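User: I would like to learn how to read a structure like this one, feature by feature. Could you take me through it?

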Amino acid sequence: MRHSKRRHILGVSGPHRSALLGNLSVALITHGRIKTTLAKAKGLRPFIEKVITLAKKAHQANDAARKLHFRRLAISRVRDKKVVAELFDTKVEEFINRPGGYTRIYKLGQRVGDAAEMALIELINSSDEGYPKPSKKAGKPAAKKDSAAEEAEVEEVTEEVEAEAEAEEVAESNDSEAEEEAAK
């Protein structure tokens, strides 16, 4: 079967990949954001989100044995007990009300040395709502206004513009007349 075959390979062996992602996740949990290549950031995203989900499950569990089980699963992936303790004890509070999407990736451009695409991956705060969601679907057109109403609005705007232009011309002619009288 083809289950669980889709993952970011990163050009390294399996144990190297798990060590790499574990170290990147330690840095991300510790610092809140890290700068790395785009491929590593995209590979780190599902890895760290699964670890954060384990922390949320442990926080919501009533049984001490289940809490310990989730913590041990996270330690087996991240391999740093202090960072896992920090995530499970303090940082999990930021993600309790969030259903998923705990990280954000920003593209930074190319690195100078080897032109590798760089990215910034960060943990999203609980106060960060992201961009505002559209209220209506974009595919449906809005209700059409009457053509008479549209023409009336256009006429009002053009009349206002014409009135402003006339007022400016009168002011300019008055200024030029005043200058001529002052010159005499």
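Predicted model: local features only at pLDDT ≥ 70, side-chain atom pairs only at ≥ 80, totals over all residues.

User: What share of the residues in the protein chain is buried?

Analyst: Of the 184 residues, 27% are buried. The accessible surface of the chain is about 13,600 Å², and carbon and sulfur atoms contribute 51% of that area. Contacts give another view: among those with a separation of 6 or more, 56% are between residues 24 or more positions apart.

User: Now the charges. What is the general idea behind a salt bridge, and how many does the structure hold?

Analyst: Side chains of opposite charge can pair when their charged atoms come close. In this structure there are five salt bridges. One of them joins arginine 33 and glutamate 122, with N and O 2.8 Å apart.

User: Which residues are linked with Arg33 in a network of salt bridges?

Analyst: Arg104 and Glu122 are linked with Arg33 in such a network.

User: Which residue does aspartate 89 form a salt bridge with?

Analyst: The partner of aspartate 89 is arginine 71, and their closest N and O atoms are 3.0 Å apart. Here too the pair links distant parts of the chain: aspartate 89 is in helix H4 (residues 81–89) and arginine 71 in helix H3 (residues 64–78), 18 residues apart. Aspartate 89 is partly exposed because its relative accessible area is 47%. Arginine 71, at 24%, is also partly exposed.

User: And which residue does aspartate 114 meet in a salt bridge?

Analyst: Aspartate 114 meets arginine 111, at 2.9 Å from N to O. Arginine 111 has a relative accessibility of 36%, so it counts as partly exposed.

User: Which residues form the negative surface patch?

Analyst: The negative patch is made of glutamates, among them Glu155, Glu159, Glu164 and Glu172. Glutamate 159 is part of helix H5 (residues 147–183).

User: Let us turn to single residues. Where is lysine 91, and is it buried or exposed?

Analyst: Lysine 91 is in the loop between H4 and strand S2 (103–110). With a relative accessible area of 15%, this lysine is buried. Apart from neighbours within four places in sequence, lysine 91 contacts Ile29, Thr30 and Glu86.

User: Why does lysine 35 count as exposed?

Analyst: Lysine 35 is exposed because its relative accessible area is 60%. This lysine is in strand S1. Setting aside residues up to four places away in sequence, lysine 35 touches Leu108, Met118, Ala119 and Leu120. From lysine 35 to glutamate 122 the C-alpha distance is 8.8 Å, although they are 87 residues apart in sequence.

User: Last, isoleucine 124. Which residues does isoleucine 124 touch?

Analyst: Beyond residues up to four places away in sequence, isoleucine 124 touches Glu94, Phe95, Arg98, Gly101, Tyr102, Thr103 and Arg104. The C-alpha atoms of isoleucine 124 and glycine 101 are 8.1 Å apart, with a sequence separation of 23 residues. Isoleucine 124 lies in the loop between S3 and H5, and is buried at a relative accessible area of 5%.

How values were computed: Residues numbered from 1 in each chain as written. Heavy atoms only, no water. Salt bridge = Lys/Arg side-chain N within 4 Å of Asp/Glu carboxyl O. Helix = DSSP H or I, 4+ residues; strand = E, 2+ residues; numbered from the N terminus. Buried < 20%, exposed > 50% of the residue type's maximum accessible area, 1.4 Å probe, protein only. Patch = residues over 30% accessible without salt bridge, like charges linked within 9 Å, V, L, I, M, F, W, Y side chains within 5 Å. Areas by Shrake-Rupley, 256 points an atom, 1.4 Å probe, with all protein chains shown as cover. Lys, Arg positive; Asp, Glu negative; His and termini not counted. Charge placed at Lys NZ, Arg CZ, Asp CG, Glu CD. Contact = heavy atoms within 4.5 Å.
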